[in-house]
Amino acid sequence: GPLQTACRELHEEFLGGAGDAAPELAATLFAKVSISVSSRPYVQYVFVADEADNRPLQLTAERINHGLRRQRLAFERLVASGEWWEMARSAKAAVGPEVREVRWLSLSAAISALDPKVPFVDEWQREELARCGVYWRQIPLGTIQILRQLQRLGTIAAIKAAAVESRLDRVATARLPPELPPLTAIYGGRTAQPP
C-alpha cells in the first residue's frame, strides 16, 4: 500500500538501502490529494511520522547523511571506473544518488526555505542546477501548503487528530456523522478527499 511505498522510498533515497529490507515507519495518513503534473493526474499520499513513534529506527540526520555520503562515493567510483556507463538503467536507478543532504528543520524554517522569492536553497544547489542549465528551482507549492497547514495545527496531537486516517477512524466507529466535509484546500483550490 501507500505507506509501504513511502517506506521503500525513504529506504532507497535517504538510507541508501540496497538489498536489505525497508524499515517499517510508524506514520499517519494526513492527506490524500489529487494533483496534475504535465497534464497527467496523480494521487499523492501525505504521511506524518512522529519522531517519538520512530525512535527505534534512529533516523538522525547524521546517520542518514552518512549513508548518503557512502552512496555518493560508490556512485563516483562507478563513474570513475567507467562501469556506470555500461550498467542497465534499472541498475543505475538503484545506485544513483537522488538526495544530497538531510537537515531537520522547524516548520517555519522549512516554509522559509521553500519561499518562491529565494531562488536556491544553498550555493551547492545553485551550482549544480546551473551546471545542468537550470537557473531557478521549481517550488513545490503543494508542499508549502501542507507545511502551512501542519504549522497552523501546532502540535503532533492536533496534526494526528486532523489527519484523514483519524477522521476515517472516527466515522468507522460512528463517533462522527458520515458526511465529513472535505479537508481544507491544499492545491490551488482543489480539495483533498478521504481515500
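Is C132 buried or exposed? C132 is exposed, because its relative accessible area is 56%, over the 50% cut-off. This is a predicted model. The briefing below covers its nonpolar cores, its aromatic pair and its cysteines.

**Nonpolar cores**
- In soluble globular proteins, nonpolar side chains tend to be buried together.
- Here the largest nonpolar core has 16 residues.
- F30, A31, L147 and L150 touch the most other members of this core.
- Two strands, β1 (28–37) and β2 (40–48), each supply at least two of its residues.
- Two helices, α4 (107–113) and α6 (141–153), likewise each supply at least two.
- L150 touches F30, V48, L107 and I159, leaving aside residues up to four places away in sequence.
- Another core lies apart from the largest one and has five residues, among them L15, I64, L68 and V102.

**Aromatic pair**
- A pair of aromatic rings is described by the distance of the centres and the angle of the planes.
- The structure holds one such pair.
- The ring centres of F75 and W84 are 4.8 Å apart, and their planes stand at 85 degrees, so the pair is edge-to-face.
- F75 is partly exposed, because its relative accessibility is 23%.
- W84 has a relative accessible area of 11%, so W84 is buried.

**Cysteines**
- A disulfide is a covalent bond between the sulfur atoms of two cysteines.
- The count of disulfides in this model is zero.
- C7 counts as buried, because its relative accessibility is 6%.
- C132, by contrast, is exposed at 56%.

Note on methods: Residues are numbered from 1 along each chain as its sequence is written. This is a predicted model: local features need pLDDT of at least 70, side-chain atom pairs count only at pLDDT 80 or more; totals for chains, interfaces and linings use all residues. Side-chain values use heavy atoms; hydrogens and water are left out. Rings of Phe, Tyr and Trp (its six-membered ring) pair if their centres lie within 6.5 Å; planes under 30 degrees apart count as stacked, over 60 as edge-to-face and the rest as tilted. Buried means under 20% relative accessible area, exposed over 50%, partly exposed in between (1.4 Å probe, protein chains only). A disulfide is a pair of cysteine sulfur atoms within 2.5 Å. A nonpolar core is a set of buried Ala, Val, Leu, Ile, Met, Phe, Trp, Tyr and Cys residues joined through side-chain atoms within 4.5 Å. Helices (H or I, at least four residues) and strands (E, at least two) are DSSP runs, numbered from the N terminus. Contact means heavy atoms within 4.5 Å.
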